[in-house]
Amino acid sequence: MTENTSSPSDRILKLIDAALDYAPIPLLIGLAHQDAGRLGEAEASLRHAIELDPKQGQALQSLGLLLASQSRSSEAVQLLKRHAEFQPDDSITLKALSAELTRLGRQDEAAHLLEKAWQKTHST
């Protein structure tokens with residue numbers, strides 16, 4: 001029988017390392033960094049969450065909004081479009097996506113997107 005010689009701290013660190021490979025954990029870390037104003041760290045953590053789970057909607061939206069706030073419109077549009085595929089009725093994403101499309105000079109696409117969203121919410 002082998003004696004367990006690792007300390008409680010070592011075991012906790014191993015658990016934390018393993019948890020970082022579970023997409024919701026880097027998502028939460030990214031959101032915490034963003035709230036604290038550490039935008040570089042937030043971006044890295046959100047990207048890691050998306051790498052782990054490319055369909056992680058909240059990470060796609062959060063990173064898209066973060067990039068939009070930094071006027072990185074092309075990247076923001078890509079992420080917000082991916083989020084809109086999974087949650088097509090999300091008003092925050094649709095508003096941000098249309099704003100970034102407009103910023104890129106793609107007003108027709110932005111108008112079509114908003115018209116489509118309006119029709120969804122007003123159809124009987």
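In this predicted model, arginine 106 has a relative accessible area of 32% and is partly exposed. The side chain of arginine 106 meets that of glutamate 109 in a salt bridge, with 2.9 Å from N to O.

In total, the structure holds 7 salt bridges. Another of them joins the side chains of arginine 72 and glutamate 43, again at 2.9 Å from N to O. Because arginine 72 sits in the loop between α4 and α5 while glutamate 43 belongs to helix α3 (residues 39-52), this pair ties together parts that are 29 residues apart in sequence. Arginine 72 is partly exposed at 26% relative accessibility, whereas glutamate 43, at 15%, counts as buried. Arginine 72 also forms a salt bridge with glutamate 75, their closest N and O atoms being 3.0 Å apart. Glutamate 75 is partly exposed, at 31% relative accessibility. Through shared partners, salt bridges join Glu43, Arg47, Arg72 and Glu75 into one network.

Helix α6 can be followed from end to end. At its start, a side-chain oxygen of aspartate 90 reaches to within 3.0 Å of the backbone nitrogen of isoleucine 92. The helix covers residues 91-103, and its 13 residues reach 18 Å from the first C-alpha to the last, close to the 18 Å expected. Buried residues of α6 are Thr93, Leu94, Ala96, Leu97, Ser98, Glu100 and Leu101; their cover includes α4 (57-69), α5 (73-86) and α7 (107-122). After α6 comes glycine 105, with a positive phi near 85°.

Note on methods:
Residues are numbered from 1 along each chain as its sequence is written. This is a predicted model: local features need pLDDT of at least 70, side-chain atom pairs count only at pLDDT 80 or more; totals for chains, interfaces and linings use all residues. Side-chain values use heavy atoms; hydrogens and water are left out. Helices (H or I, at least four residues) and strands (E, at least two) are DSSP runs, numbered from the N terminus. The expected span of a helix is 1.5 Å times one less than its number of residues. Buried means under 20% relative accessible area, exposed over 50%, partly exposed in between (1.4 Å probe, protein chains only). Contact means heavy atoms within 4.5 Å. A polar contact is a pair of N or O atoms within 3.5 Å; within protein, one must be able to donate a hydrogen and the other to accept it, and residues adjacent in sequence count only if both atoms are side-chain atoms. A salt bridge is a side-chain nitrogen of Lys or Arg within 4 Å of a carboxyl oxygen of Asp or Glu.
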